[in-house]
Amino acid sequence: MMIAFSRKYIYIFSILISSFSLAPSAKAFEQQTADSVQAPEGFRLRTVVIDAGHGGKDPGAFGPNTNEKTVTLALALKLQKAIERDLPGVNTIMTRKNDTFVELHKRSDIANQAKGQLFISLHCNSLANRKVTEVVGYRKRKGKSIPIYKTSTVANRSGKGAMILVYGSRRVGAQEEALRENAVIFTEKNYKDNYAGYDPDNPASVIMLNTFRDKYRKQSIRFASLIDSELTGTYNRESHGVKEQVVLVLDHTAMPSVLVETGFINNPDEEDYLTSDEGQNEIVNAILSALKSYKKQLEN
């Protein structure tokens, strides 16, 4: 049976083949210790792609006073400056530098075409509204009092803390974070053509995804764990840990990739933290410290 690959998959697959020297094979990973992500001798981490989530006509999640696209851009610009200051040998590529709408497939294209070696996507989390049912009165029926119920929708502002996502090793359920991040493709022109064949259950997709998942999954998890440790250990930030999700922008990047959910923007306290200089500096410094440790582990 002949399997038809889309041009996008062939392009990403060719990048993977040409970049085999950048990271160990899956078999080599299995032979290393659980914490080891050491790359081949002579490897240098030189290109990091920073992705400020959402932008332009896509505001992302909303807080009481701001929105996700504004917070992620501020964090991305600060992270770029921090890397340029502390790691002058590392080149930073930005998927956006201002309030513009960049389609998801173009974000991964930017990263792949720049031959990025690490992809960091910055986002804010948000909880969906919840339904509340209450008794608003009673009515008589056959001599009995029957309660009258009213169901209303209220904002759920209880979310707190960070979470770091890596691409899932297999198709998982329709989980909220993945649905929220992937839903934006339907606001793009020609989305059916841009994402033709994006189906993790399709054999062609599985072959392509498994190739780089086997190669980069462990590095992604390691870098995500380092970020999580910095946030919780150094800055005492609450965290939901490292999670695997089916997030399109990660699945289409041919390199180790993480998506940092920096906090729940619809929680007023979290929003204050995410928009403050102190909060943003803590997040940026946590990612920067994790990057330094990750780079050292790869290159040693």
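**View 1. Strand E6 is covered on both faces.** On one side of E6, Ala-162, Ile-164 and Val-166 are buried, and on the other Met-163, Leu-165 and Tyr-167 are buried too. Buried here means under 20% relative accessible area, exposed means over 50%, and partly exposed lies in between (1.4 Å probe, protein chains only). In a regular strand the side chains alternate between the two faces of the sheet. The strand spans residues 162-167, and six of its six residues are buried. Strands (E, at least two residues) and helices (H or I, at least four) are DSSP runs, numbered from the N terminus.

A word on the model: it is predicted, so local features need pLDDT of at least 70 and side-chain atom pairs count only at pLDDT 80 or more, while totals for chains, interfaces and linings use all residues. Residues are numbered from 1 along each chain as its sequence is written, and side-chain values use heavy atoms, leaving out hydrogens and water.

**View 2. Leu-165 has a partner in each of two strands.** In E7, Leu-165 has Lys-243 as its bridge partner, and in E8 it stands opposite Leu-259. E6 and E7 pair in the parallel sense over five bridges, whereas E6 and E8 pair in the antiparallel sense over three bridges. Two strands count as paired if DSSP finds at least two bridges between them.

**View 3. Six strands make up an open sheet.** Look for the order E2-E1-E3-E8-E6-E7, with mixed pairing. Strands E2 (91-94) and E7 (239-245) are the edges, each pairing on one side only. Neighbouring strands of this sheet are turned by 20° against each other on average, direction ignored. Within the sheet, E3 (residues 118-125) and E8 (residues 257-264) run parallel and are joined by six bridges; Leu-122 has Val-260 in E8 as its bridge partner.

View 4. Helix H9 (residues 268-275) lies across E3 and E8, running at about 120° to E8. Contact means heavy atoms within 4.5 Å; axes are lines fitted to C-alpha atoms, for helices over the stretch in contact, and angles run from 0 to 180 degrees between N-to-C directions.

**View 5. Tyr-138 is exposed on the surface.** Tyr-138 sits in strand E4 (residues 130-141) and has a relative accessible area of 59%.
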